Amino acid sequence: MNFFHSFRNEILNSIEKLAKEGRLPEGLTLDKITTEPPRDATHGDISTNAAMILSKPAHMNPRELGELIAKELESLPYVTEVSVAGPGFINLRLTPNFWYKELETILKEKEEYGSSSIGLGEKINLEYVSTNPTGPMHAGHGRVAVVADVLANLLEKVGYRVLREFYVNDAGGQAEKLAQSTYLRYKEALGHEIGIIPEGYYPGDYLKEVGEALATRDGDKWLSLPESEWLEPLREFSINAMMTMIRKDLALLGINHEVFTSETELHRMGAVEAAIQTLKERGLIYEGILEPPKGKVIENWKPRKQMLFRSTEFGDDADRPLQKVDGSWAYFAGDIAYHYDKFRRGYPNMINVWGADHVGTVKRVTSAVKAITEGKGHLDVILCQIVNFMEGGKPIKMSKRAGTFIEIKEVIDKVGRDAFRFMMITRKSDAHLDFDFKKVLEQTRDNPVFYIQYAHARCHSVMRMAEDVFPKWSETSAEVYAGLDDPDELHLLKLLAAWPRHVEIAATAREPHRLCYALYEIAAQFHMLWNKGKENTLLRFIIADNKELTRTRLAMIQGVATIIASGFQIIGVTPVKEMRE
RNA sequence: GCGCCCUUAGCUCAGUUGGAUAGAGCGUCGGCCUUCUAAGCCGCAGGUCGCAGGUUCGAAUCCUGCAGGGCGCGCCA
């Protein structure tokens, strides 16, 4: 439980009590009252804006009103001091006992500490990665994958029920090109000379084994047949092979989707026709002519009358075509059907995590969701900016065409899953991220992965050391906490107690990066305390001649380890107990 | 031309959704640490929050305009 909530409730109760007694007007709106940590810790532990929010409706000046409310709050449990400051903030200071009590809760709830039910069991469909199944995942896909996966964990942590879904773009021209590319490799596998892979085909070596596998399975059965005969079976064969590969890559990242939805399958079921028909009945489809796109010269642009969706009515910049020249469905038509499908499967709440190169399609898809669900469905798109992969400060140039892009597999091999996952969420997703292979492996403080892992390992190191002095200490429990009275110890306890709030904010803002900063802060404070023990032996965690104090400090250490482990659980990183290999 | 995002200390970035004197790491400078297993710890200095207006008790945060950077702007997927 985020303790700011419980104190907020207490504050609201006090205000209502004042209203009942006639010392404040009745029926004040209390929604905007917040409780949060004061900017400056010297002001106290909890700060509320109540007096400033209510001063206008109550016709009182904020300071005066603050004093009135403050008087009431003085009697709250664990509150040791209440003051009114600045423009009218009411600051509460809590007794050490409060933090000791929170520590006990942490030790009792373990990694569950920080979980909450603010999601109310609501279902969320989270679609992510959805990379084209035409080759292995490359490094750039990794950020989208990890940001979304951590977000999924985070949302579950606060009480949502999340469905992790992958949309398989196995229809359309790219899938056909894949089938054709596979056909070439198939011929090659059967001993035919194929020369250079033509422009527009997928040239990667990974298709060689697909061609070979096909030759092994089917022999030369497709060789003499016309394309119309083999295109569909080869498409399916190669898509399956690609998806197997992608799923392996995802598994390396520790990502496992629960649902894979096939675009082709949606078409087969007639879902696209059905969705378009629905829009038609609502008068949202018409025949019209589009302006040519600006700022980009398109050869062979011909104005054409075509089937359009009125997406401008739902916030898009232009109405969007639904069919290609040959009359087949455009990708967008399938996307409408897909999101309608998700909605009808029981997921009015949808989140898509995309790469920033899809900015252009956000508005059309969100407007389509509004239209087809009649405003009952809601789609939130989270965009991830590009990752700059670097080596010792120098950017690594990547080009798909030149075949110089780095595969995700290679990255994981080099730095490991844990470091990769962590680094991918150290920046907020709409900001660029530099990923330096050298820095990620550095064992210094400016490498946050290392620094936080080290704090966790150090905790366990201390706990192991303690066994020598006090065997089986962990089978007892701390009785008295009063020994934790150094300001730095109390500060550490406060940081631990702040964890549930960070989790909650990160989840509601859908910003996983906040977890990293919260953990870093805890790690820093812990390292600082550890180092203080070097100068001042009284502050050491293990005091050989004081078993009780040692046990108490070990409780604090356990708390630190627990919170870090809990954060790592959400981020999908394994907390290590030793830094040595 | 249009849309979305970004701009905070020399560098890399936080900033609790409108709150108090804007914070951290690196780097610089000055100390300390040869250990409860180490890769470190403390302190000093460093700011017109891109610029200009506006909204209000109060703005890095919201609105408008401008500048710089990024991504995108087929019936591709």
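1. Valine 147 and its contacts. Setting aside neighbours within four places in sequence, valine 147 touches Val353, Cys384, Met424, Ile425, Ser429 and Pro512. Two residues are in contact if their C-beta atoms, placed from the backbone, lie within 7 Å. This is a predicted model: local features need pLDDT of at least 70, side-chain atom pairs count only at pLDDT 80 or more, and totals for chains, interfaces and linings use all residues. Residues are numbered from 1 along each chain as its sequence is written, while chains are lettered from A and ligands numbered from 1 in the order in which they are written.

2. The core. Val147 is among the residues with the most contacts inside the largest nonpolar core, together with Leu496, Ile522, Val560 and Ile564. That core has 156 residues. A nonpolar core is a set of buried Ala, Val, Leu, Ile, Met, Phe, Trp, Tyr and Cys residues joined through C-beta atoms within 7 Å. Buried means that 20 or more other C-beta atoms lie within 10 Å of the residue's own; exposed means 12 or fewer; partly exposed is in between, with C-beta atoms placed from the backbone. In soluble globular proteins, nonpolar side chains tend to be buried together.

3. The whole chain. Chain A has 581 residues, and 39% of them are buried. Its secondary structure comes to 20 helices and 15 strands. Helices (H or I, at least four residues) and strands (E, at least two) are DSSP runs, numbered from the N terminus. The C-alpha atoms fill a box of roughly 85 × 65 × 40 Å along the principal axes. Of the contacts with a separation of 6 or more, 73% join residues 24 or more positions apart.

4. Domains. An automatic or database domain assignment supplies the bounds. Chain A is divided into domain 1 (3–94), domain 2 (124–169 + 255–384), domain 3 (173–251) and domain 4 (448–571). The C-alpha centres of domain 2 and domain 4 are 45 Å apart. Nine residues of domain 2 meet eight residues of domain 4 in contacts. On the domain 2 side, helix H5 (residues 141–157) gives the largest share, seven residues.

5. Helix H18. Seven of the 10 residues in H18 (residues 499–508) are buried. They are Trp499, Pro500, His502, Val503, Glu504, Ala506 and Ala507. The cover over them includes H5, helix H17 (487–497), helix H19 (513–535) and H20. Just after H18, arginine 510 has a positive phi of about 55 degrees.

6. Strand E3 (residues 79–85) and strand E4 (residues 89–94) pair in the antiparallel sense over six bridges. Two strands pair if DSSP finds at least two bridges between them. Glutamate 81 has arginine 93 in E4 as its bridge partner. Three residues lie between the strands, and glycine 86 in the turn has a positive phi of about 55 degrees.

7. An open sheet. Three strands run in the order E8-E9-E10, with antiparallel pairing. Strand E8 (285–289) and strand E10 (320–321) each have a single partner strand, so one side of each is left without a neighbour in the sheet. E8 pairs with strand E9 (residues 305–309) over five bridges. Isoleucine 285 has phenylalanine 309 in E9 as its bridge partner.

8. Lysine 438. This residue lies in helix H15 (residues 437–441). Lysine 438 counts as partly exposed because 13 C-beta neighbours fall inside 10 Å. Beyond neighbours within four places in sequence, lysine 438 is in contact with Glu391 and Gly392.
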